[in-house]
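Subject: Structure for your review

Hello,

Here is the structure I said I would pass on.

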Amino acid sequence: MINVVAYQKLRAECDEKKVTLVAVSKTKPAEDILALYHLGHRDFGENYVQELVEKQAALPKDIRWHFMGHLQTNKVKQIVPFVYLVHSVDSEKLLREIDKQAGKMARVISCLLQLHIAQEETKFGMDEAELAAVISRVEKKEYLHLSVNGLMGMASFTDDRNVVKNEFKQLNQLYNQYILSSTITHEPTILSMGMSGDYRSAMEEGSNMIRVGSLLFGVRGNH
Ligand SMILES: *Cc1c(COP(=O)(O)O)cnc(C)c1O
């Protein structure tokens, strides 16, 4: 069951602020995705490869599929044929594999580099040194079958709004420094930050793409 009222409200808010809303449908059935699809929604996010591949095969082909989970290199080739944007590139090894597989399929894959900004140890993502190294290799045109369009990050799970805002602020600074002022900038430039619990803070701190699941689809059980 989707929350239509929450969707319409969020949609209006995003349209007004020119923020792209990605509906994160992981663990949710195809009928929930179709319900949003029939309201005109096209951007959906998943974070398990197998689940994404099955949904993509079963659902309308004009859906823009966003991948945002930890991506193992041996699974890259399964999503490269159709994925619209990979939010969760957390290592150079993964970037290289995406480039290689995209080359075989004559595609150019749009990617975001995932930065580790939260306090928790468990969240994936690069630190600033890795980001700088990757950007410099991208600037040397080492990767021909992908574009780095921006950054993605997840804030700490905390009720302390200041902590969350500071993490988003930090990510926005990196975005300005490494993406907006880079010589390899690809349009559109994307700063993907903000989820159900913190999207307002993220938008205040400059996000132009939010990834919202439970607010639209209800809380998830364990996967
Ligand atoms: C699940 C998930 C989301 C959505 O989280 P909600 O709190 O349900 O809005 C956003 N981003 C990523 C990377 C996720 O895995």
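Predicted model: local features only at pLDDT ≥ 70, side-chain atom pairs only at ≥ 80, totals over all residues.

Ligand site. The residues surrounding the ligand are Val24, Lys26, Asn47, Met68, Met154, Met195, Ser196, Arg211, Val212, Gly213, Ser214 and Arg220. The side chain of Ser196 has an N or O atom 2.5 Å from a ligand oxygen. For Ser214, a backbone N or O atom is 2.8 Å from an oxygen of the ligand. The side chain of Asn47 places an N or O atom 3.2 Å from a ligand oxygen.

Ser196. This residue sits in the loop that runs between strand 7 (190-192) and helix 8 (199-204). Leaving aside residues up to four places away in sequence, Ser196 touches Arg211, Val212, Gly213, Ser214 and Leu215. Its side chain makes a polar contact of 3.3 Å with the side chain of Ser214. A polar atom of the Ser196 side chain also lies 3.1 Å from the backbone nitrogen of Leu215.

Helix pair. Helix 6 (residues 128-139) and helix 7 (residues 161-180) have axes that come within 11 Å and cross at roughly 20 degrees. The two helices are therefore roughly parallel to each other, and helix 6 passes helix 7 in a right-handed crossing. On the helix 6 side the contact involves Glu128, Leu131, Ala132 and Ile135, which meet Leu174, Gln177, Tyr178 and Ile179 of helix 7. By class, this contact has 6 nonpolar, 1 polar and 1 charged residues.

Regards

Methods: Residues numbered from 1 in each chain as written. Heavy atoms only, no water. Helix = DSSP H or I, 4+ residues; strand = E, 2+ residues; numbered from the N terminus. Polar contact = N/O pair within 3.5 Å; in protein donor to acceptor, adjacent residues only side chain to side chain. Contact = heavy atoms within 4.5 Å. Axes fitted to C-alpha atoms, helices over the stretch in contact; angles between N-to-C directions. Parallel < 35°, antiparallel > 145°, perpendicular 65-115°, else oblique. Left-handed = near helix turned anticlockwise from the far one by under 90°. Nonpolar A, V, L, I, M, F, W, Y, C, P; charged D, E, K, R; others polar. Near = heavy atom within 4 Å.
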